[in-house]
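The following exercises are to be worked with the sequence and the three-dimensional structure at hand. Each task is followed by a solution in steps.

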Amino acid sequence: MGKYVYFALALAMLLVAPMFIKSRVIIDLLILCNIYAIFLSSWDLVGGYTGQISFGHSLFIGGGAYTAGLLNYYFQVPPYVTIPLGGIVAAALALLIGVFALRVKGAYLALVTFAAAAVPVTLTAIFWEYSGGDDGLSGISPLSVDVVTRYYLSAALLVLCGGILIFITRSSYGLVLLSIRDNETASMAVGIDVRKYKVITFVISGFLAGIAGAFYCHNQLHVGPAELKPAFSVLVVLMAVAGGMGTIIGPMLSGYFLIFLNDWLRFSENYKMMIYTGVIVIILLVCPRGLYPAIASGIKRVVHK
Amino acid sequence: MGLLLDIVVYGAVQSGIYVLLSLGFSLTFGVAGIFNLAHGTFYMGAAYLFYSCMNSLGLGLSLSLVVSVTGMGLLALIIQKWFINPVIHSGISVMIITVAIANFLEQVVLCTYGPVDRNLNSFIDKKLLVLGTVSIDAQRMLALGVSIILLAVLYIFISKTKPGRAILAVAQDREGAIFVGIDPLKVFFLVIFIAAILAGIAGDFIAPTIGARPDMWLKPLTMCFAVVILGGLGSLTGTVLAALIIGYSEVIVSFALSSYMSELVPFVIILIVLAFKPSGLMPARQSQT
(Lines give C-alpha, C1' and ligand atoms only; values in the text may rest on other atoms or scores of the structure.)
Protein backbone atom coordinates (compact mmCIF):
# COMPACT_ATOMS: atom_id res chain seq x y z
CA MET A 1 0.00 0.00 0.00
CA GLY A 2 2.87 2.31 0.80
CA LYS A 3 4.11 2.09 -2.78
CA TYR A 4 1.00 3.76 -4.15
CA VAL A 5 1.64 6.74 -1.93
CA TYR A 6 4.84 7.36 -3.87
CA PHE A 7 3.05 7.05 -7.20
CA ALA A 8 0.34 9.43 -6.06
CA LEU A 9 2.96 11.85 -4.83
CA ALA A 10 4.83 11.71 -8.11
CA LEU A 11 1.62 12.17 -10.05
CA ALA A 12 0.70 15.16 -7.92
CA MET A 13 4.12 16.75 -8.42
CA LEU A 14 3.87 16.13 -12.12
CA LEU A 15 0.49 17.81 -12.29
CA VAL A 16 1.16 20.88 -10.19
CA ALA A 17 4.67 21.62 -11.40
CA PRO A 18 3.69 24.39 -13.83
CA MET A 19 1.82 26.19 -11.06
CA PHE A 20 5.02 26.60 -9.09
CA ILE A 21 7.57 26.76 -11.84
CA LYS A 22 7.23 29.84 -13.93
CA SER A 23 10.45 29.61 -15.89
CA ARG A 24 9.69 28.59 -19.44
CA VAL A 25 13.13 27.09 -19.82
CA ILE A 26 12.59 24.69 -16.95
CA ILE A 27 9.15 23.72 -18.20
CA ASP A 28 10.73 22.94 -21.57
CA LEU A 29 13.28 20.80 -19.77
CA LEU A 30 10.55 18.99 -17.89
CA ILE A 31 8.82 18.20 -21.17
CA LEU A 32 12.07 16.70 -22.38
CA CYS A 33 12.38 14.76 -19.14
CA ASN A 34 8.93 13.30 -19.59
CA ILE A 35 9.74 12.25 -23.14
CA TYR A 36 13.05 10.70 -22.18
CA ALA A 37 11.41 8.95 -19.27
CA ILE A 38 9.27 7.11 -21.81
CA PHE A 39 12.28 6.41 -24.05
CA LEU A 40 14.22 4.88 -21.20
CA SER A 41 11.49 3.00 -19.38
CA SER A 42 10.16 1.46 -22.57
CA TRP A 43 13.66 0.13 -23.21
CA ASP A 44 13.84 -1.19 -19.69
CA LEU A 45 10.78 -3.35 -20.23
CA VAL A 46 12.72 -5.43 -22.72
CA GLY A 47 16.24 -4.82 -21.49
CA GLY A 48 15.98 -4.91 -17.75
CA TYR A 49 12.75 -6.67 -17.04
CA THR A 50 12.92 -9.40 -19.69
CA GLY A 51 16.70 -9.47 -19.73
CA GLN A 52 17.04 -8.93 -23.46
CA ILE A 53 19.57 -6.18 -23.95
CA SER A 54 18.80 -4.37 -27.16
CA PHE A 55 20.89 -1.66 -28.75
CA GLY A 56 18.17 -1.03 -31.28
CA HIS A 57 15.95 1.40 -29.41
CA SER A 58 16.91 4.24 -31.73
CA LEU A 59 15.09 2.29 -34.47
CA PHE A 60 11.80 2.80 -32.66
CA ILE A 61 12.37 6.28 -31.32
CA GLY A 62 13.78 7.54 -34.58
CA GLY A 63 11.31 5.48 -36.56
CA GLY A 64 8.40 7.07 -34.73
CA ALA A 65 9.96 10.49 -35.07
CA TYR A 66 10.55 10.17 -38.81
CA THR A 67 7.08 8.74 -39.38
CA ALA A 68 5.59 11.78 -37.71
CA GLY A 69 8.04 14.12 -39.39
CA LEU A 70 7.59 12.79 -42.90
CA LEU A 71 3.79 12.62 -42.64
CA ASN A 72 3.60 16.09 -41.22
CA TYR A 73 6.16 17.68 -43.53
CA TYR A 74 4.88 16.30 -46.80
CA PHE A 75 1.23 15.69 -46.09
CA GLN A 76 0.48 18.11 -43.26
CA VAL A 77 -0.91 15.29 -41.16
CA PRO A 78 -1.72 16.71 -37.73
CA PRO A 79 0.12 15.60 -34.58
CA TYR A 80 -2.75 13.76 -32.98
CA VAL A 81 -2.70 11.42 -36.01
CA THR A 82 1.04 11.20 -36.58
CA ILE A 83 1.83 10.31 -33.01
CA PRO A 84 -0.23 7.12 -32.84
CA LEU A 85 0.94 6.29 -36.37
CA GLY A 86 4.52 6.75 -35.22
CA GLY A 87 3.86 4.22 -32.51
CA ILE A 88 2.31 1.78 -34.95
CA VAL A 89 5.18 2.05 -37.44
CA ALA A 90 7.67 1.53 -34.64
CA ALA A 91 5.68 -1.46 -33.43
CA ALA A 92 5.75 -2.93 -36.93
CA LEU A 93 9.52 -2.44 -37.03
CA ALA A 94 9.80 -4.11 -33.66
CA LEU A 95 7.81 -7.07 -34.92
CA LEU A 96 9.96 -7.40 -38.02
CA ILE A 97 13.24 -7.12 -36.20
CA GLY A 98 12.12 -9.03 -33.14
CA VAL A 99 11.15 -12.09 -35.13
CA PHE A 100 14.72 -12.38 -36.41
CA ALA A 101 16.78 -10.86 -33.67
CA LEU A 102 15.12 -12.56 -30.72
CA ARG A 103 16.26 -15.91 -32.06
CA VAL A 104 19.57 -15.22 -30.43
CA LYS A 105 20.31 -14.57 -26.83
CA GLY A 106 22.27 -12.33 -24.57
CA ALA A 107 25.28 -10.70 -26.05
CA TYR A 108 24.45 -11.83 -29.58
CA LEU A 109 21.12 -10.01 -29.39
CA ALA A 110 22.95 -6.85 -28.41
CA LEU A 111 25.22 -7.18 -31.42
CA VAL A 112 22.40 -7.85 -33.84
CA THR A 113 20.25 -4.96 -32.65
CA PHE A 114 23.29 -2.67 -32.77
CA ALA A 115 23.91 -3.62 -36.39
CA ALA A 116 20.23 -3.20 -37.19
CA ALA A 117 20.22 0.25 -35.65
CA ALA A 118 22.85 1.33 -38.17
CA VAL A 119 20.56 0.69 -41.12
CA PRO A 120 17.96 3.51 -40.97
CA VAL A 121 20.57 6.24 -40.74
CA THR A 122 22.18 4.92 -43.91
CA LEU A 123 18.75 4.92 -45.52
CA THR A 124 18.20 8.56 -44.62
CA ALA A 125 21.55 9.31 -46.24
CA ILE A 126 20.72 7.35 -49.38
CA PHE A 127 17.31 8.97 -49.75
CA TRP A 128 18.48 12.36 -48.61
CA GLU A 129 16.20 14.19 -51.01
CA TYR A 130 13.18 12.96 -49.10
CA SER A 131 14.58 12.71 -45.62
CA GLY A 132 16.57 15.91 -45.55
CA GLY A 133 19.76 13.93 -45.03
CA ASP A 134 21.90 15.14 -42.20
CA ASP A 135 19.86 18.29 -41.69
CA GLY A 136 16.61 16.45 -41.40
CA LEU A 137 13.24 18.11 -41.79
CA SER A 138 12.33 21.37 -40.11
CA GLY A 139 9.13 23.25 -39.71
CA ILE A 140 7.16 20.40 -38.23
CA SER A 141 3.81 21.45 -36.74
CA PRO A 142 3.92 22.08 -33.01
CA LEU A 143 1.69 20.29 -30.55
CA SER A 144 0.67 23.62 -29.11
CA VAL A 145 2.15 27.07 -29.04
CA ASP A 146 1.64 27.27 -25.30
CA VAL A 147 4.44 25.64 -23.36
CA VAL A 148 2.25 24.77 -20.38
CA THR A 149 -0.18 22.93 -22.64
CA ARG A 150 2.71 21.05 -24.17
CA TYR A 151 3.91 20.19 -20.70
CA TYR A 152 0.58 18.73 -19.70
CA LEU A 153 0.45 16.78 -22.94
CA SER A 154 3.87 15.33 -22.22
CA ALA A 155 2.89 14.56 -18.65
CA ALA A 156 -0.27 12.85 -19.86
CA LEU A 157 1.80 10.81 -22.28
CA LEU A 158 4.18 9.83 -19.52
CA VAL A 159 1.36 8.82 -17.22
CA LEU A 160 -0.22 6.81 -20.02
CA CYS A 161 2.93 5.04 -21.18
CA GLY A 162 4.39 4.72 -17.72
CA GLY A 163 1.07 3.43 -16.52
CA ILE A 164 1.04 0.76 -19.20
CA LEU A 165 4.56 -0.27 -18.32
CA ILE A 166 3.92 -0.40 -14.61
CA PHE A 167 0.68 -2.27 -15.10
CA ILE A 168 2.40 -4.85 -17.31
CA THR A 169 5.27 -5.39 -14.95
CA ARG A 170 3.09 -5.69 -11.86
CA SER A 171 0.81 -8.21 -13.54
CA SER A 172 1.26 -11.90 -14.09
CA TYR A 173 2.61 -11.05 -17.54
CA GLY A 174 5.42 -9.29 -15.75
CA LEU A 175 6.11 -12.39 -13.69
CA VAL A 176 6.52 -14.37 -16.89
CA LEU A 177 9.00 -11.79 -18.14
CA LEU A 178 10.99 -12.05 -14.94
CA SER A 179 11.12 -15.80 -15.20
CA ILE A 180 12.37 -15.50 -18.77
CA ARG A 181 15.05 -13.15 -17.57
CA ASP A 182 16.15 -15.37 -14.76
CA ASN A 183 16.11 -18.71 -16.51
CA GLU A 184 14.92 -19.12 -20.04
CA THR A 185 15.32 -22.86 -20.13
CA ALA A 186 13.32 -23.36 -16.96
CA SER A 187 10.63 -21.07 -18.31
CA MET A 188 10.37 -23.15 -21.43
CA ALA A 189 10.28 -26.25 -19.28
CA VAL A 190 7.15 -25.04 -17.50
CA GLY A 191 5.51 -24.44 -20.82
CA ILE A 192 6.03 -20.73 -21.39
CA ASP A 193 6.29 -19.78 -25.05
CA VAL A 194 9.38 -17.72 -24.48
CA ARG A 195 9.75 -16.56 -28.05
CA LYS A 196 6.17 -15.27 -28.19
CA TYR A 197 6.53 -13.33 -24.95
CA LYS A 198 9.82 -11.83 -26.07
CA VAL A 199 8.44 -10.67 -29.41
CA ILE A 200 5.23 -9.27 -27.92
CA THR A 201 7.15 -7.38 -25.25
CA PHE A 202 9.54 -6.09 -27.88
CA VAL A 203 6.59 -4.80 -29.90
CA ILE A 204 5.02 -3.10 -26.87
CA SER A 205 8.33 -1.48 -26.04
CA GLY A 206 8.75 -0.35 -29.63
CA PHE A 207 5.22 1.04 -29.76
CA LEU A 208 5.71 3.19 -26.67
CA ALA A 209 9.11 4.37 -27.84
CA GLY A 210 7.67 5.21 -31.25
CA ILE A 211 4.89 7.28 -29.74
CA ALA A 212 7.38 9.13 -27.60
CA GLY A 213 9.64 9.61 -30.61
CA ALA A 214 6.81 11.08 -32.67
CA PHE A 215 5.85 13.34 -29.77
CA TYR A 216 9.48 14.41 -29.53
CA CYS A 217 9.51 15.31 -33.21
CA HIS A 218 6.53 17.62 -32.80
CA ASN A 219 8.03 19.07 -29.66
CA GLN A 220 11.31 19.92 -31.34
CA LEU A 221 9.58 21.03 -34.57
CA HIS A 222 12.32 19.08 -36.31
CA VAL A 223 13.35 15.52 -37.09
CA GLY A 224 16.89 14.49 -37.86
CA PRO A 225 19.20 11.49 -37.91
CA ALA A 226 20.51 12.20 -34.41
CA GLU A 227 17.77 10.11 -32.80
CA LEU A 228 18.16 7.39 -35.38
CA LYS A 229 21.85 6.69 -34.97
CA PRO A 230 23.22 3.68 -33.08
CA ALA A 231 25.03 6.19 -30.90
CA PHE A 232 21.64 7.33 -29.62
CA SER A 233 20.69 3.74 -28.88
CA VAL A 234 23.87 3.46 -26.87
CA LEU A 235 22.98 6.58 -24.92
CA VAL A 236 19.49 5.27 -24.20
CA VAL A 237 20.88 1.99 -22.89
CA LEU A 238 23.48 3.74 -20.74
CA MET A 239 20.97 6.21 -19.31
CA ALA A 240 18.49 3.46 -18.54
CA VAL A 241 21.07 1.15 -16.97
CA ALA A 242 22.39 4.04 -14.91
CA GLY A 243 18.88 4.44 -13.55
CA GLY A 244 18.46 0.80 -12.69
CA MET A 245 17.80 -2.09 -15.02
CA GLY A 246 14.53 -3.86 -14.54
CA THR A 247 12.96 -1.28 -12.27
CA ILE A 248 11.04 0.77 -14.89
CA ILE A 249 10.99 3.62 -12.37
CA GLY A 250 14.77 3.84 -12.22
CA PRO A 251 15.21 4.76 -15.87
CA MET A 252 12.48 7.39 -15.55
CA LEU A 253 14.31 8.96 -12.66
CA SER A 254 17.69 8.79 -14.34
CA GLY A 255 16.09 10.37 -17.40
CA TYR A 256 15.06 13.33 -15.27
CA PHE A 257 18.42 13.51 -13.56
CA LEU A 258 20.51 13.24 -16.69
CA ILE A 259 18.44 15.72 -18.72
CA PHE A 260 18.85 18.29 -15.97
CA LEU A 261 22.54 17.43 -15.69
CA ASN A 262 22.93 17.93 -19.41
CA ASP A 263 21.32 21.33 -19.21
CA TRP A 264 23.27 22.34 -16.11
CA LEU A 265 26.47 21.48 -17.94
CA ARG A 266 25.64 24.16 -20.50
CA PHE A 267 28.11 26.46 -18.83
CA SER A 268 30.90 24.47 -20.39
CA GLU A 269 29.84 23.88 -23.97
CA ASN A 270 33.20 22.37 -24.89
CA TYR A 271 33.47 19.81 -22.16
CA LYS A 272 29.76 19.23 -21.63
CA MET A 273 29.45 15.86 -23.36
CA MET A 274 32.75 14.68 -21.98
CA ILE A 275 31.67 15.37 -18.42
CA TYR A 276 28.23 13.96 -19.14
CA THR A 277 29.51 10.65 -20.49
CA GLY A 278 32.12 10.58 -17.76
CA VAL A 279 29.41 10.94 -15.12
CA ILE A 280 27.60 8.00 -16.68
CA VAL A 281 30.74 5.86 -16.46
CA ILE A 282 31.16 6.85 -12.81
CA ILE A 283 27.53 6.03 -12.01
CA LEU A 284 27.95 2.62 -13.62
CA LEU A 285 31.09 1.94 -11.63
CA VAL A 286 29.81 3.14 -8.27
CA CYS A 287 26.23 1.88 -8.54
CA PRO A 288 26.37 -1.17 -10.79
CA ARG A 289 22.72 -1.93 -10.20
CA GLY A 290 21.74 1.62 -11.00
CA LEU A 291 20.98 4.85 -9.20
CA TYR A 292 17.43 4.00 -8.17
CA PRO A 293 18.22 0.68 -6.44
CA ALA A 294 21.26 2.24 -4.81
CA ILE A 295 19.31 5.21 -3.48
CA ALA A 296 16.36 3.06 -2.47
CA SER A 297 18.50 0.64 -0.48
CA GLY A 298 20.43 3.57 0.97
CA ILE A 299 17.20 5.12 2.20
CA LYS A 300 16.08 1.76 3.58
CA ARG A 301 19.28 1.40 5.55
CA VAL A 302 18.96 4.88 7.01
CA VAL A 303 15.30 4.39 7.89
CA HIS A 304 15.87 1.06 9.60
CA LYS A 305 18.68 2.32 11.80
CA MET B 1 38.13 -7.58 -66.61
CA GLY B 2 39.66 -4.44 -65.23
CA LEU B 3 36.71 -4.07 -62.88
CA LEU B 4 37.14 -7.59 -61.64
CA LEU B 5 40.79 -6.97 -60.85
CA ASP B 6 39.84 -3.72 -59.11
CA ILE B 7 37.45 -5.65 -56.91
CA VAL B 8 40.05 -8.33 -56.20
CA VAL B 9 42.64 -5.82 -55.05
CA TYR B 10 40.39 -3.37 -53.20
CA GLY B 11 38.53 -6.25 -51.63
CA ALA B 12 41.79 -7.69 -50.40
CA VAL B 13 42.76 -4.38 -48.80
CA GLN B 14 39.37 -3.99 -47.13
CA SER B 15 39.40 -7.58 -45.92
CA GLY B 16 42.91 -7.18 -44.61
CA ILE B 17 41.91 -4.28 -42.41
CA TYR B 18 38.82 -6.14 -41.29
CA VAL B 19 40.91 -9.18 -40.41
CA LEU B 20 43.14 -7.08 -38.17
CA LEU B 21 40.16 -5.47 -36.50
CA SER B 22 37.97 -8.49 -36.03
CA LEU B 23 40.66 -10.94 -34.94
CA GLY B 24 41.14 -9.09 -31.70
CA PHE B 25 37.42 -8.79 -31.04
CA SER B 26 36.82 -12.42 -31.88
CA LEU B 27 39.81 -13.57 -29.84
CA THR B 28 38.67 -11.68 -26.75
CA PHE B 29 35.31 -13.35 -27.04
CA GLY B 30 36.67 -16.78 -27.75
CA VAL B 31 39.15 -16.69 -24.89
CA ALA B 32 37.60 -14.49 -22.20
CA GLY B 33 33.98 -14.88 -23.20
CA ILE B 34 33.37 -11.17 -23.25
CA PHE B 35 32.46 -8.67 -25.91
CA ASN B 36 34.62 -5.62 -25.50
CA LEU B 37 32.55 -2.87 -27.08
CA ALA B 38 35.45 -0.47 -26.62
CA HIS B 39 37.38 -2.45 -29.22
CA GLY B 40 36.69 0.14 -31.90
CA THR B 41 38.16 2.74 -29.58
CA PHE B 42 41.62 1.17 -29.99
CA TYR B 43 41.26 1.67 -33.73
CA MET B 44 40.17 5.28 -33.33
CA GLY B 45 42.53 6.13 -30.51
CA ALA B 46 45.60 4.86 -32.32
CA ALA B 47 44.79 7.00 -35.33
CA TYR B 48 44.43 10.14 -33.19
CA LEU B 49 47.46 9.35 -31.06
CA PHE B 50 49.45 8.78 -34.22
CA TYR B 51 48.23 12.13 -35.55
CA SER B 52 49.35 13.89 -32.40
CA CYS B 53 52.70 12.16 -32.36
CA MET B 54 53.40 13.11 -35.94
CA ASN B 55 52.03 16.65 -35.91
CA SER B 56 52.20 17.99 -32.39
CA LEU B 57 55.13 16.09 -31.00
CA GLY B 58 57.05 15.84 -34.23
CA LEU B 59 58.05 12.24 -33.68
CA GLY B 60 59.01 10.34 -36.78
CA LEU B 61 56.84 7.84 -38.59
CA SER B 62 58.12 4.68 -36.89
CA LEU B 63 58.17 6.17 -33.42
CA SER B 64 54.65 7.54 -33.85
CA LEU B 65 53.47 4.11 -34.92
CA VAL B 66 55.07 2.45 -31.94
CA VAL B 67 53.81 5.03 -29.46
CA SER B 68 50.25 5.08 -30.76
CA VAL B 69 49.93 1.31 -30.92
CA THR B 70 51.57 0.69 -27.55
CA GLY B 71 49.40 3.42 -26.09
CA MET B 72 46.35 1.48 -27.18
CA GLY B 73 47.78 -1.67 -25.67
CA LEU B 74 48.19 0.12 -22.36
CA LEU B 75 44.67 1.50 -22.63
CA ALA B 76 43.44 -2.04 -23.14
CA LEU B 77 45.21 -3.22 -20.00
CA ILE B 78 43.75 -0.34 -18.00
CA ILE B 79 40.25 -1.05 -19.27
CA GLN B 80 40.65 -4.74 -18.51
CA LYS B 81 41.93 -4.20 -15.00
CA TRP B 82 39.72 -1.39 -13.77
CA PHE B 83 36.53 -1.75 -15.75
CA ILE B 84 36.14 -5.26 -17.15
CA ASN B 85 37.57 -7.45 -14.42
CA PRO B 86 35.24 -6.16 -11.68
CA VAL B 87 32.23 -7.28 -13.70
CA ILE B 88 33.69 -10.08 -15.76
CA HIS B 89 31.16 -12.56 -14.40
CA SER B 90 28.37 -10.83 -16.29
CA GLY B 91 28.79 -10.48 -20.03
CA ILE B 92 26.03 -7.89 -20.19
CA SER B 93 27.75 -5.71 -17.59
CA VAL B 94 31.01 -5.93 -19.51
CA MET B 95 29.26 -4.78 -22.66
CA ILE B 96 27.56 -1.93 -20.85
CA ILE B 97 30.66 -0.64 -19.11
CA THR B 98 32.86 -0.95 -22.21
CA VAL B 99 30.35 0.86 -24.38
CA ALA B 100 30.12 3.55 -21.72
CA ILE B 101 33.89 3.93 -21.84
CA ALA B 102 33.92 3.95 -25.62
CA ASN B 103 31.27 6.68 -25.53
CA PHE B 104 33.27 8.68 -23.01
CA LEU B 105 36.54 8.34 -24.90
CA GLU B 106 34.84 9.47 -28.09
CA GLN B 107 33.85 12.65 -26.26
CA VAL B 108 37.38 13.06 -24.91
CA VAL B 109 38.73 12.86 -28.44
CA LEU B 110 36.02 15.21 -29.67
CA CYS B 111 36.93 17.75 -27.00
CA THR B 112 40.62 17.44 -27.61
CA TYR B 113 40.65 17.48 -31.38
CA GLY B 114 37.38 19.11 -32.36
CA PRO B 115 34.70 17.74 -34.67
CA VAL B 116 36.59 18.34 -37.88
CA ASP B 117 38.04 15.26 -39.55
CA ARG B 118 41.75 15.02 -39.07
CA ASN B 119 43.82 14.17 -42.07
CA LEU B 120 46.91 12.10 -41.74
CA ASN B 121 49.59 12.00 -44.35
CA SER B 122 50.09 8.77 -46.18
CA PHE B 123 53.33 7.01 -45.37
CA ILE B 124 54.07 6.63 -49.04
CA ASP B 125 52.35 9.28 -51.09
CA LYS B 126 52.07 7.46 -54.36
CA LYS B 127 49.68 5.54 -56.48
CA LEU B 128 50.65 2.08 -57.55
CA LEU B 129 49.65 -0.02 -60.49
CA VAL B 130 48.84 -3.47 -59.22
CA LEU B 131 48.12 -6.57 -61.27
CA GLY B 132 48.63 -4.56 -64.41
CA THR B 133 45.56 -2.36 -64.42
CA VAL B 134 44.49 -1.58 -60.89
CA SER B 135 45.34 1.92 -59.72
CA ILE B 136 45.50 2.07 -55.95
CA ASP B 137 47.14 4.13 -53.23
CA ALA B 138 50.42 2.77 -52.02
CA GLN B 139 49.10 3.35 -48.51
CA ARG B 140 46.31 0.82 -49.01
CA MET B 141 48.70 -1.80 -50.42
CA LEU B 142 50.90 -1.14 -47.43
CA ALA B 143 47.94 -1.76 -45.16
CA LEU B 144 47.25 -5.02 -46.98
CA GLY B 145 50.85 -6.07 -46.67
CA VAL B 146 50.91 -5.33 -42.97
CA SER B 147 47.66 -7.28 -42.48
CA ILE B 148 49.09 -10.36 -44.15
CA ILE B 149 52.35 -10.18 -42.23
CA LEU B 150 50.60 -9.68 -38.89
CA LEU B 151 48.22 -12.53 -39.61
CA ALA B 152 51.19 -14.81 -40.19
CA VAL B 153 52.96 -13.52 -37.08
CA LEU B 154 49.84 -14.04 -34.99
CA TYR B 155 49.42 -17.55 -36.31
CA ILE B 156 52.99 -18.45 -35.45
CA PHE B 157 52.67 -16.80 -32.05
CA ILE B 158 49.52 -18.70 -31.15
CA SER B 159 50.60 -22.09 -32.38
CA LYS B 160 54.29 -22.11 -31.58
CA THR B 161 55.00 -19.97 -28.53
CA LYS B 162 54.16 -20.79 -24.93
CA PRO B 163 51.98 -17.72 -24.26
CA GLY B 164 50.23 -18.34 -27.57
CA ARG B 165 49.44 -21.91 -26.66
CA ALA B 166 48.24 -20.73 -23.27
CA ILE B 167 45.74 -18.57 -25.11
CA LEU B 168 44.58 -21.58 -27.10
CA ALA B 169 44.30 -23.63 -23.95
CA VAL B 170 42.13 -21.12 -22.14
CA ALA B 171 39.95 -20.77 -25.23
CA GLN B 172 39.44 -24.50 -25.46
CA ASP B 173 38.89 -25.33 -21.83
CA ARG B 174 39.31 -22.75 -19.12
CA GLU B 175 39.21 -25.20 -16.25
CA GLY B 176 41.59 -27.56 -17.97
CA ALA B 177 43.98 -24.70 -18.46
CA ILE B 178 43.82 -23.89 -14.76
CA PHE B 179 44.61 -27.51 -13.98
CA VAL B 180 47.83 -27.33 -15.94
CA GLY B 181 48.84 -24.15 -14.20
CA ILE B 182 47.74 -21.43 -16.60
CA ASP B 183 46.28 -18.32 -15.04
CA PRO B 184 43.30 -17.33 -17.18
CA LEU B 185 43.32 -13.75 -15.91
CA LYS B 186 46.84 -13.26 -17.17
CA VAL B 187 45.82 -14.74 -20.50
CA PHE B 188 42.88 -12.35 -20.69
CA PHE B 189 45.27 -9.44 -20.26
CA LEU B 190 47.48 -10.81 -23.02
CA VAL B 191 44.58 -11.31 -25.37
CA ILE B 192 43.09 -7.86 -24.93
CA PHE B 193 46.57 -6.38 -25.32
CA ILE B 194 47.01 -8.20 -28.63
CA ALA B 195 43.52 -7.18 -29.73
CA ALA B 196 44.31 -3.54 -29.06
CA ILE B 197 47.65 -3.75 -30.87
CA LEU B 198 46.06 -5.25 -33.97
CA ALA B 199 43.21 -2.75 -33.96
CA GLY B 200 45.64 0.09 -33.39
CA ILE B 201 47.82 -0.94 -36.29
CA ALA B 202 44.75 -1.19 -38.49
CA GLY B 203 43.75 2.31 -37.43
CA ASP B 204 47.21 3.75 -38.06
CA PHE B 205 47.59 2.24 -41.50
CA ILE B 206 44.12 2.93 -42.87
CA ALA B 207 43.48 6.34 -41.28
CA PRO B 208 45.66 8.18 -43.82
CA THR B 209 43.25 7.05 -46.52
CA ILE B 210 39.96 7.75 -44.75
CA GLY B 211 40.76 10.45 -42.20
CA ALA B 212 40.19 10.34 -38.48
CA ARG B 213 36.84 11.15 -36.87
CA PRO B 214 35.81 10.77 -33.24
CA ASP B 215 32.96 8.44 -34.16
CA MET B 216 35.03 6.18 -36.39
CA TRP B 217 34.84 3.43 -33.80
CA LEU B 218 31.17 2.61 -34.46
CA LYS B 219 31.07 1.26 -38.00
CA PRO B 220 34.10 -1.05 -37.61
CA LEU B 221 32.55 -2.34 -34.40
CA THR B 222 29.38 -3.25 -36.27
CA MET B 223 31.56 -5.03 -38.80
CA CYS B 224 33.24 -6.99 -36.00
CA PHE B 225 29.81 -8.04 -34.78
CA ALA B 226 28.97 -9.36 -38.23
CA VAL B 227 32.28 -11.25 -38.33
CA VAL B 228 31.63 -12.90 -35.00
CA ILE B 229 28.09 -13.87 -35.91
CA LEU B 230 29.10 -15.14 -39.32
CA GLY B 231 32.40 -16.72 -38.47
CA GLY B 232 31.76 -18.30 -35.14
CA LEU B 233 33.75 -17.76 -32.03
CA GLY B 234 37.43 -17.44 -31.48
CA SER B 235 38.84 -19.60 -34.21
CA LEU B 236 41.37 -17.78 -36.35
CA THR B 237 40.20 -19.42 -39.56
CA GLY B 238 36.52 -18.68 -39.06
CA THR B 239 37.23 -15.05 -38.28
CA VAL B 240 39.53 -14.59 -41.26
CA LEU B 241 37.02 -16.21 -43.58
CA ALA B 242 34.17 -14.11 -42.29
CA ALA B 243 36.26 -10.95 -42.58
CA LEU B 244 37.08 -11.87 -46.15
CA ILE B 245 33.44 -12.46 -47.01
CA ILE B 246 32.36 -9.19 -45.47
CA GLY B 247 35.23 -7.19 -46.90
CA TYR B 248 34.67 -8.45 -50.40
CA SER B 249 30.89 -8.08 -50.14
CA GLU B 250 31.31 -4.46 -49.15
CA VAL B 251 33.66 -3.72 -52.01
CA ILE B 252 31.44 -5.48 -54.54
CA VAL B 253 28.37 -3.60 -53.35
CA SER B 254 30.37 -0.39 -53.33
CA PHE B 255 31.40 -0.86 -56.97
CA ALA B 256 28.03 -2.16 -58.11
CA LEU B 257 25.68 0.14 -56.22
CA SER B 258 27.08 2.85 -53.99
CA SER B 259 29.33 3.21 -51.01
CA TYR B 260 26.29 4.11 -48.90
CA MET B 261 24.73 0.76 -49.71
CA SER B 262 27.92 -1.01 -48.76
CA GLU B 263 27.40 0.23 -45.20
CA LEU B 264 24.37 -2.03 -45.02
CA VAL B 265 26.41 -5.15 -45.78
CA PRO B 266 27.26 -6.16 -42.19
CA PHE B 267 23.62 -5.99 -41.21
CA VAL B 268 22.38 -7.85 -44.26
CA ILE B 269 24.89 -10.60 -43.59
CA ILE B 270 23.75 -10.84 -39.98
CA LEU B 271 20.18 -11.02 -41.19
CA ILE B 272 20.99 -13.82 -43.61
CA VAL B 273 22.83 -15.79 -40.96
CA LEU B 274 19.97 -15.36 -38.50
CA ALA B 275 17.42 -16.32 -41.07
CA PHE B 276 19.12 -19.49 -42.18
CA LYS B 277 21.39 -20.77 -39.48
CA PRO B 278 21.22 -18.96 -36.15
CA SER B 279 21.65 -22.14 -34.17
CA GLY B 280 24.83 -22.92 -36.01
CA LEU B 281 26.36 -19.89 -34.45
CA MET B 282 25.16 -20.32 -30.93
CA PRO B 283 28.29 -20.34 -28.82
CA ALA B 284 29.55 -23.51 -27.23
CA ARG B 285 30.12 -21.23 -24.28
CA GLN B 286 26.91 -20.32 -22.40
CA SER B 287 25.77 -16.86 -23.35
CA GLN B 288 26.03 -14.54 -20.40
CA THR B 289 23.05 -12.78 -18.89
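**Exercise 1.** Is Leu221(A) buried, partly exposed or exposed?

*Solution.* The structure is a predicted model, in which local features need pLDDT of at least 70 and side-chain atom pairs count only at pLDDT 80 or more, while totals for chains, interfaces and linings use all residues. Residues are numbered from 1 along each chain as its sequence is written, and chains are lettered from A and ligands numbered from 1 in the order in which they are written.

Step 1. Apply the burial cut-offs: a residue is buried if 20 or more other C-beta atoms lie within 10 Å of its own, exposed if 12 or fewer, and partly exposed in between, with C-beta atoms placed from the backbone.

Step 2. Leu221(A) has 15 other C-beta atoms within 10 Å and is therefore partly exposed.

Step 3. Locate the residue. Helices (H or I, at least four residues) and strands (E, at least two) are DSSP runs, numbered from the N terminus. Leu221(A) lies in the loop between helix 10 (194-220) and strand 2 (222-223) of chain A.

Step 4. Inspect the backbone. Although Leu221(A) is not a glycine, its phi is positive, about 60 degrees.

**Exercise 2.** Which residue with a positive phi follows helix 3 of chain A?

*Solution.* Step 1. Helix 3 of chain A has 19 residues and spans 26 Å between its first and last C-alpha, close to the expected 27 Å. Within this helix, 17 of the 19 residues are buried.

Step 1. The residue that follows is Gln76(A), with a phi near 50 degrees. Gln76(A) belongs to the loop between helix 3 (57-75) and helix 4 (79-101) of chain A.

Step 2. Gln76(A) counts as exposed because it has 8 C-beta neighbours inside 10 Å.

**Exercise 3.** Characterise the overall form of chain A.

*Solution.* Step 1. The secondary structure of chain A comes to 14 helices and two strands.

Step 1. The radius of gyration is taken over C-alpha atoms, and the globule rule is 2.2 Å times the number of residues to the power 0.38. For 305 residues a compact globule would have a radius near 19 Å, and chain A agrees, with 19 Å.

Step 2. Along the principal axes, the C-alpha atoms of chain A fill a box of roughly 50 × 45 × 35 Å. Buried residues make up 51% of its 305 residues.

Step 3. Among contacts in chain A between residues at least 6 apart in sequence, 80% join residues at least 24 apart.

**Exercise 4.** How many residues of chain A are in contact with chain B, and which helix of chain A supplies the largest share?

*Solution.* Step 1. The contact involves 36 residues of chain A and 38 residues of chain B.

Step 1. On the side of chain A that touches chain B, helix 5 (106-126), helix 11 (230-243) and helix 13 (272-286) each supply at least two residues. The largest share, 14 residues, comes from helix 5 of chain A.

Step 2. Turn to chain B. Met95(B), in helix 4 (residues 91-113) of chain B, is buried, with 25 other C-beta atoms within 10 Å. Neighbours within four places in sequence aside, Met95(B) is in contact with Ala107(A), Ala110(A), Phe35(B) and Leu37(B).

Technical notes: Contact = placed C-beta atoms within 7 Å. Expected span 1.5 Å × (residues − 1).
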